Amino acid sequence: MTHSTLDPAPAAGRRPAGRSALVIGGGLAGTTAALALADAGLRVTLVEGRPRLGGLAFSFHRSSPAGVLSVDNGQHVYLRCCTDYQWFLERVGAARLAPLQGRLDVPVLDARGREGRRLGRLRRTALPVPLHLSASLATYPHLSLAERAQVGRAALALGRLDPEDPELDGVDFAGWLRRHGQSPRAVEALWDLVGVATLNATAPNVSLGLAAMVFKTGLLSRPGAADIGWARAPLGELHHAHAHRALDAAGVRTDLRTRVTAVTRTPGGRWSAATAGRPGEEPRAEADVLVLAVPQREAHALLPDGALKDPGRLLRIGTAPILNLHVIYDRTVLRRPFFAAIGSPVQWVFDRTDASGLRDAPGAGDSQYLAVSQSAAYDDIDRPVAELRARYLPELERLLPVARGARVRDFFVTRERTATFAPVPGVGLLRPSAPTDAPGLYLAGAWTATGWPATMEGAVRSGLSAARAALTDLGRQHVNSLPAPGGGTPEEAA
């Protein structure tokens, strides 16, 4: 993929005269907006309150009995249909660090299953949609023959829905599934298996519009659309280190540890920002474009009067938690890169041994590092670590027999209480588009009206949407290398 521009991006340290932009927030949305605006020739300043880029998809270092590890705050994955996030990885030079599967293959373990029937697989073939999943569904042991037939009929009905139909926004996914003959077992073993991981909510708490978008795009658009990709290096390598270098090369000024407390419109119609904790700092230069790429509550606090007709709706966009449990065993207990579970509170488990640096740690030996990702974790998010350990280690032993004889070298927890926006019925009416009623002010973030749930793809799409709107309003041409609005599925592996 090339990254040529109509207006060449400046070399690091040189920024052209002319239009300028201020981007507040250094998550994926803000970083994307800053890169797109800089590539179009604007002088861009990116301001982030944390000491790092990446937002809620980051990593940190932790000392463990096995050595110093690079720990992701949570397990993040993307799909082949996430074309804009793939553009981002290419743009920052990190695509090789997060490769995709050749073909979708999800091992699904049933903790309640009898011997020989515990493992099922959701796999695709190269056949056209919907035949690409038919062989996998026909042999999926976690559903009866009648349930598999009903799933097929429901999938076809889902494929006929239009996710952009506003009527679907107010309908709950669980009710729709019941009306289409889906048993509680089918919901657990298939619909929620996928939906909880992608939407961060169970079917009763999901808008049918968002559910239809996820399943139509991921499973019913093209054969390879749901192939899974994930970082084989710490997320900080991708979203901070590589992104920071890309911003520098594009001429973006990046100010970390800088919290914006207010934004104001100047008499001349430009924008400026006040920051906290920087005594004696010169007033920040004015900018023609301001992008607020922060969470919805923070955006509400910074919005000037008149920017949105109903700014209070941002406060009505709820949030949903994600909990991650990190377990280091003294031996290998899992020989697959990941698996999903049913019949257990455990949801998805990933092997992070190599990505964390454990494999090369001096005291590692044969240790293995597993990350247990728990979405929509309302019941567990505030449980003490000791209770979580007592609850989940026996569950891992039920699923992984080798773990029963293994010693746990370390167990710790990362919590994101407001990890995503809650995709409840009616949320579509609350999500604002990128342009505001204040000229030159734009919103970005996965919570804005991207049409996607709160994913890395949604965050990148929001940043591109804000940049496109700003460039259009400025009368500037877009950058050749930007993906087309709405994306598209790249050429797929057979």
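Biologist: Contact means heavy atoms within 4.5 Å. With that in mind, which residues does Leu 53 touch, not counting residues up to four places away in sequence?

Modeller: One thing to know first: this is a predicted model. Leu 53 touches Gly 26, Thr 31, Leu 46, His 239, His 240, Ala 243, His 244, Leu 247, Thr 254 and Leu 256, leaving aside residues up to four places away in sequence.

Biologist: Where is Leu 53 found?

Modeller: Leu 53 sits in the loop between strand 2 and strand 3.

Biologist: Is Leu 53 buried or exposed, and why?

Modeller: Leu 53 has a relative accessible area of 2%, and buried means under 20%, so Leu 53 counts as buried.

Biologist: Let's switch to strands. What pairs with strand 1 in the parallel sense over five bridges?

Modeller: That is strand 2, residues 43–47. As one example of the pairing, Leu 22 stands opposite Thr 45 in strand 2. With helix 1, residues 28–39, the two strands make a right-handed β-α-β unit.

Biologist: What does strand 12 do with strand 1?

Modeller: Strand 12, residues 289–292, runs parallel to strand 1, and four bridges join them. There, Ala 21 stands opposite Val 289. Strand 12 is also joined by three bridges to strand 18, residues 441–443, again in parallel, with Leu 290 opposite Leu 441.

Biologist: Which residues of strand 1 are on each side, and are they buried or exposed?

Modeller: Ser 20, Leu 22 and Ile 24 are on one side, Ala 21 and Val 23 on the other, and all are buried. Strand 12 likewise has both faces covered: Val 289 and Val 291 are buried on one side, Leu 290 and Leu 292 on the other.

Biologist: New topic: salt bridges. How many are found in the whole structure?

Modeller: A search of the whole structure finds 26. One of them joins Arg 62 and Asp 410, with their closest N and O atoms 3.3 Å apart. Arg 62 lies in strand 3 and Asp 410 in strand 17, so this pair ties together parts 348 residues apart in sequence.

Biologist: Is Asp 410 buried or exposed?

Modeller: Asp 410 counts as buried, at 10% relative accessibility.

Biologist: What does Arg 112 form a salt bridge with?

Modeller: Arg 112 pairs with Glu 188, and their closest N and O atoms are 2.8 Å apart. This pair links distant parts of the chain, with Arg 112 in the loop between strand 6 and strand 7 and Glu 188 in helix 7, 76 residues apart.

Biologist: Which three residues supply 61% of the area that domain 1 buries against domain 3?

Modeller: Pro 425, Trp 452 and Pro 453, and no other three residues of domain 1 supply more.

Note on methods. Residues are numbered from 1 along each chain as its sequence is written. This is a predicted model: local features need pLDDT of at least 70, side-chain atom pairs count only at pLDDT 80 or more; totals for chains, interfaces and linings use all residues. Side-chain values use heavy atoms; hydrogens and water are left out. Buried means under 20% relative accessible area, exposed over 50%, partly exposed in between (1.4 Å probe, protein chains only). Two strands pair if DSSP finds at least two bridges between them. A crossover is right-handed if, with the strands pointing away from the viewer, the path from the first strand over the helix to the second runs clockwise. Buried area is the accessible area (1.4 Å probe) that two parts lose on being put together, summed over both. A salt bridge is a side-chain nitrogen of Lys or Arg within 4 Å of a carboxyl oxygen of Asp or Glu.
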